[in-house]
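I opened this entry to check a few backbone angles and a set of strands.

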Amino acid sequence: MHWFRYTCLILLILWVGLLKAGQGLDFSKIGAFLKSNYGTEAYERGVQWQQLLDKYQTQPKQSQLKAVNDFFNQLTFADDIYVWEQEDYWATPVEFIGRGAGDCEDYTLAKYFSLVEMGFPADKLRLMYVKAVEFNQHHMVLTYYPKKGAEPLVLDNIDPKIKPAGQRKDLIPIYSFNADYLWLAKARGGGKMVGGSERLSLWQDILTRQSEYLVPEGSAQQDKQP
């Protein structure tokens with residue numbers, strides 16, 4: 001794996017690990033950032049994101065998965081070179097919403113982040129690198145395991161319909177990860193665990209830059225309106 005992609009992977013694992021500790025999003029800061037840096041339309045997308053999280057907070061898991069998948073799949077697909085003028089850049093969900101465009105990693109991260117915010121256990125979610133057969137290139141999707149050992153459901157921007165992994169013959173698993181572990185894919189939806197995120201503590205200083213939009217631990221949630 002290219003060193004830059006590995007660095008981004010480390011940052012992502014640490015960041016969602018912090019979310020798992022119970023810190024929620026501070027939509028007051030997010031709204032101010034979106035309006036200041038991306039304008040009114042981006043701010044409105046941020047409001048819609050928060051409204052979705054609030055509306056579906058207590059809904060059945062299938063409804064939550066579909067709502068989050070559909071919301072982010074509305075955003076425009078575009079390669080990093082056009083959005084960020086870089087060959088490979090992993091946007092935070094706030095940046096993705098701000099620009100309104102991104103690539104497969106951005107869709108996947110935003111969906112993961114949103115579901116964790118809604119209370120999904122991290123051990124039931126994995127971000128999975130696959131080979132997209134039709135396009136003959138690497139791709140990222142989000143997988144959800146309803147229970148341990150179950151066939152995962154795939155949330156994707158190529159095929160917007162949530163399907164069991166076994167029905168996605170167009171995807172070949174390579175490896176997956178979540179806030180705790182990395183897996184090498186041995187079979188569709190499964191894999192061999194190869195490492196834990198505790199080995200990545202040296203990247204905590206990078207995590208600090210990403211944590212500014214989380215409510216400080218022990219603080220009350222700020223106003224609902226961004």
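My notes on this predicted model follow.

**Entry 1: E85.** I looked up phi for E85 and found a value near 55°. That is positive, in a residue other than glycine. Next I checked where E85 sits: it is in the loop between α5 (80-83) and α6 (93-99). Is E85 buried or exposed? Its relative accessibility is 70%, so E85 counts as exposed, the cut-off being over 50%.

**Entry 2: N136.** I then turned to N136. Its phi is also positive, near 55°, and N136 is not a glycine. I placed N136 in the loop between β3 (125-132) and β4 (137-144). These two strands form a hairpin with 4 residues between them. I computed accessibility here too: N136 has a relative accessible area of 56%, so N136 is exposed.

**Entry 3: β3 with β4.** How many bridges pair β3 and β4? I counted 8, and the pairing is antiparallel. I picked out one of the residue pairs: K131 has H138 in β4 as its bridge partner.

**Entry 4: β4 with β5.** I followed β4 to its pairing with β5, residues 153-155. The two strands run antiparallel and are joined by 3 bridges. Across this pairing, T143 stands opposite V154 in β5.

**Entry 5: cover on β4.** Last, I asked how many residues of β4 are buried. The count is 6 of 8, and I noted β4 as mostly covered.

Conventions: Residues are numbered from 1 along each chain as its sequence is written. This is a predicted model: local features need pLDDT of at least 70, side-chain atom pairs count only at pLDDT 80 or more; totals for chains, interfaces and linings use all residues. Side-chain values use heavy atoms; hydrogens and water are left out. Buried means under 20% relative accessible area, exposed over 50%, partly exposed in between (1.4 Å probe, protein chains only). Two strands pair if DSSP finds at least two bridges between them.
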